[in-house]
Amino acid sequence: MIFWLFISLMYGLIFTEMSLTFKIIISIVLLILLIKKFKIKRSLIFLSIFSIGLGISFIPLKVEEDEHRTIYGVVLESETNYYLLKSGIHCYYIYEENNEVDALSFLKLSGEIKELSFNSIESQFDFENYLNQKGVYNEFVVDEKVIIIPNILHPKVKMKDFLAHFDEDGQIILNALLFSKRDYEHISTLNFTSLSIIHLFSISGIYVYLAISFLNYILTMFFKERRANVISLIISGMFAIFTFPSFSVIRILFIKSFEHFNHYRLKDKFSKTEVLSLSAITFLLIDYHLASQLSFQFGFIASFLINFLNLKIRETSGIKRKLLFTFTLAFIFLPFSMSQNGEFNILFALFQLVFTPINGLIFVSGFLSYLIYPLLPFFINYLSSFVIGLSTYFASLPLSVHVPGFIDIELIIYLLCFVVLVYSAEIKYHKLFKWAYLGIISLNVIHLVPINNYFTSSVHFINVGQGDSTLIMHRGKSCLIDTGGIFNVDVAAEALIPYLKKQRIYQLDYLIITHEDYDHNGAKESLIENFPVGQIIENQVNFPLNLNGLVLENLNYSNLDRGENDASFVIKFTVEETKFLLMGDASSEVETKLINSGISLDTDILKLGHHGSKTSSSFEFLKASNPSEVIISAGKNNRYGHPSIDTLSRLERLDIPYRATYLEGTITYRFI
C-alpha cells in the first residue's frame with residue numbers, strides 16, 4: 001500500500017507537466033490497477049493523495065519583478081558562475097562570475113528581482129527548464145552581498161586543493177565522478193555521449209553503493225556486521241557533508257540508513273519496496289520539485305525495478321546474473337538517452353558493462369583519497385587516462401545509428417512493458433517475463449529503423465536563435481535552407497547536426513543558402529566539415545529544385561547582388577496540399593515587386609521576412625499572401641528587437657495567428 005501511496009503522490013505532482021495522451025492512458029491504467037487491488041472505497045485514499053500532490057504543484061513560486069528587495073536565504077547549489085539561494089518558499093538564481101560562495105552558506109542580498117530569461121537553441125541544454133524543475137523562476141540581480149554565516153568546511157577550496165594532486169585526465173574524471181561537474185567540451189564527455197552511456201559519467205547511486213559495499217567488506221574484517229554498517233554510513237556521510245553532493249549520494253545514504261534502522265531496530269517491519277517508497281515520499285515532502293527532476297525519477301525507477309527483478313534474478317548466478325542486471329539498467333535509460341543525444345550506439349549495453357566497474361574503481365579510490373589523503377594519485381591518473389583512451393577508441397568505431405526521441409505513445413508502451421516485466425517477476429510468471437523483455441527490445445529495434453523517412457514528409461523551422469534554418473524532408477530526401485549563425489556558438493555542432501541525427505538523416509541531399517548574412521549562413525562551413533552534404537545551392541540557376549517530387553521555386557530572381565537582404569531567395573513549395581512561403585530577409589520593397597509581378601502568393605504557412613522586422617511583412621503583402629499561420633524565426637530578447645511591435649500589430653489587425661521559435665523552440669509540421 002505504501003508503494004501505491006508514493007505513486008499517487010508522485011503522479012499528482014507531475015500531472016500538470018504531462019501531455020494529454022499521457023494523462024488519459026496512465027490515469028486509466030492506474031485507476032484499473034487500484035480498483036482491482038484495493039476496491040473502490042480504499043482507492044479513494046489514493047485519489048486523495050493524488051489530489052494533495054496536484055494541489056501542491058499549483059503553489060505559485062514565481063515572484064513579481066521588483067526593482068529593490070532585500071532577501072535572506074541559504075545557498076542550496078553553488079557552481080562556477082552562479083548559485084541558487086533558498087529564501088522562504090522561493091528560490092532564486094544569482095549570477096556571479098568565478099563564484100566562491102559555498103553551499104549551505106547563509107546570505108543577505110540586496111538587489112533586483114527579474115524573471116528568468118535564457119536563450120537556448122535546438123538540442124542545447126535548456127538551462128531555464130533545468131532551473132524551473134528545481135522550483136527556480138526568478139533571477140536576483142545582486143547590488144550588495146553579505147555572507148552572514150559561511151560554510152566553515154569550505155568545500156569549494158577543499159575540492160580544488162584535492163584535485164590539484166592529479167594530472168589533467170585525473171582531474172576531469174574525478175570532477176565528473178566525485179563531484180558531478182562534467183566538462184562538456186572535453187573528449188571524455190563527448191566519448192561517453194557517443195557511446196550512449198553518458199549517465200555513467202557523473203556521480204551515481206551505483207558508484208555510491210559500490211563505495212559503501214567496499215567499506216563494509218573492509219570493516220567486517222575488524223568489526224561485527226552491525227557496527228561495520230554504521231561506520232561505513234558515517235564515513236559516507238562525511239563525504240556528503242564535505243562535498244554537498246548530488247541527489248544520488250543523498251538518496252543512497254538515506255535509503256541505506258533507513259534499511260539499517262529497519263533491520264536492526266524495527267526487525268524488518270517494512271519490506272524493501274516499502275523502504276524505497278517511504279524514502280521517496282520523505283524526499284518529496286522535503287522538496288516536491290524533485291518529482292520533476294530526472295535524477296529523482298531515474299534513481300527510484302531503477303531502484304524499484306532492481307528490487308522487483310531480484311525475484312527473477314535470484315534464480316540466476318554468475319555472469320548471467322550480471323548481464324541481466326546490466327541489460328535491464330541499460331534499457332531503462334535507453335529512450336531518454338536517445339532523446340538527448342540524437343544517436344544510439346548499438347553496443348551501449350556492452351560499454352556499460354565495461355565502464356561501470358572501471359569508473360566504480362576510480363570513484364571508490366577517489367572517495368577514500370578525498371576523505372583521507374591522495375596517497376596513490378598515479379593510480380587514479382593511470383585509470384583515468386585508460387578510461388579516456390579506451391572510450392576514445394570505442395567512440396571512433398562506426399557503431400552509432402541516428403535516432404529521434406520517443407514520442408508519447410512509444411514511451412507509454414515502453415513503460416507499460418516494464419510494468420509487465422515487474423509484475424511477471426513478482427508473480428514468477430516466467431513466460432510473461434520473457435515476452436515483456438522481448439517487447440522492450442523489439443520496440444527499440446523498431447524505433448531505430450528509419451523506414452518512416454521514406455513514406456512521410458515534414459517541414460521543420462529549427463530554433464537557431466537569432467537566425468534562420470528550415471529543414472524539409474520528403475520521401476527519403478532532405479533539404480536544409482540556411483544554417484543560422486551565432487558568433488560565439490558553433491550552431492552546426494550544437495544544434496543542426498544533433499537535430500539532423502534525431503531525424504535519422506545521414507546525409508543532406510541539398511543545402512540552400514538564401515543570402516550571405518551571417519545569421520543565415522554562419523554555420524555553413526562547420527556543417528559541411530562535420531556532416532555529409534550533397535549539393536550546395538547558392539545560385540538562381542539551380543531553381544526550380546526537385547526534391548523527389550516536391551518542387552522548390554525561388555520567386556525573387558531579379559536581383560543578382562547576393563550580399564543584400566533584398567537578393568534573398570524567396571522560396572515557395574507545397575507539401576501534401578499545404579503551401580509554404582519562406583521570405584528569407586526580403587524587405588517590403590521585394591514584397592511589393594512580388595505583388596506587382598502577378599505571381600500567386602497565396603499560402604498556408606508564411607515564414608515572415610527578416611525575422612519579423614518592421615521593414616518586412618507589409619499590410620498589403622500579408623493580405624495578398626493570406627496565410628493561415630505565420631512563423632517568426634528569431635532569438636529570445638535579441639538586440640534587434642525582432643519581431644517588431646508594428647509587425648505583430650499588423651498580424652493582429654488581419655487576425656493572423658503566429659508561432660515563434662523564441663517561444664516554442666523548433667516548430668514542425670508533419671505529413672503522412
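So, how many nonpolar, polar and charged residues does the lining of the second largest pocket have? Six nonpolar, 12 polar and five charged. For the classes, Ala, Val, Leu, Ile, Met, Phe, Trp, Tyr, Cys and Pro count as nonpolar, Asp, Glu, Lys and Arg as charged, and the others, Gly among them, as polar.

Quick housekeeping. This is a predicted model, where local features need pLDDT of at least 70 and side-chain atom pairs count only at pLDDT 80 or more, while totals for chains, interfaces and linings use all residues. Residues are numbered from 1 along each chain as its sequence is written, and side-chain values use heavy atoms, with hydrogens and water left out.

Back to that pocket. Its volume is about 470 Å³, and of the 23 lining residues, Q466, G485, I486, R639 and Y640 are the closest to the centre. The grid has 1 Å spacing over the protein atoms alone: a pocket is an open set of points with protein on both sides within 12 Å along at least five of seven lines, a cavity is a set where a 1.4 Å probe fits but cannot get out, and lining residues have an atom within 4 Å of a point. Points are joined across faces, edges and corners, and a volume is the space filled by probe spheres set on them.

Now the cavities. There are two of 30 Å³ or more. The largest has a volume of about 60 Å³, and its lining includes D468, D482 and K607. By class, that lining has four nonpolar, four polar and three charged residues.

The second largest cavity holds about 40 Å³ of space. V208, A211, S236, F239, V249, F363 and F367 line it, which by class gives six nonpolar, one polar and no charged residues. Helices α7 (205-219), α8 and α13 each supply at least two residues of that lining; helices here are DSSP runs of H or I, at least four residues, and strands are runs of E, at least two, numbered from the N terminus.

Stay with F363 and F367. Both lie in α13, four residues apart, about one turn of the helix. The cut-offs: rings of Phe, Tyr and Trp (its six-membered ring) pair if their centres lie within 6.5 Å, and planes under 30 degrees apart count as stacked, over 60 as edge-to-face and the rest as tilted.

F363 and F367 also belong to one aromatic cluster with F162, F166, F179, Y207, F239 and Y370. And F162 takes us to α4 (residues 155-163), where the buried residues are P155, M159, F162 and L163. They cover an arc of only 95° around the axis, which puts them on the same side of α4; the arc is that of the directions from the helix axis to the C-beta atoms. What covers them includes α5 (168-179), α8 (225-243) and α13 (348-371), with contact meaning heavy atoms within 4.5 Å.

The peptide bond from F543 to P544 is cis, omega near -5°, and P544 lies in the loop between β12 (533-537) and β13 (545-547). H642 to P643 is cis too, with omega near -5°. R475, a residue other than glycine, has a positive phi near 50°.

Definitions and conventions:
Buried < 20%, exposed > 50% of the residue type's maximum accessible area, 1.4 Å probe, protein only.
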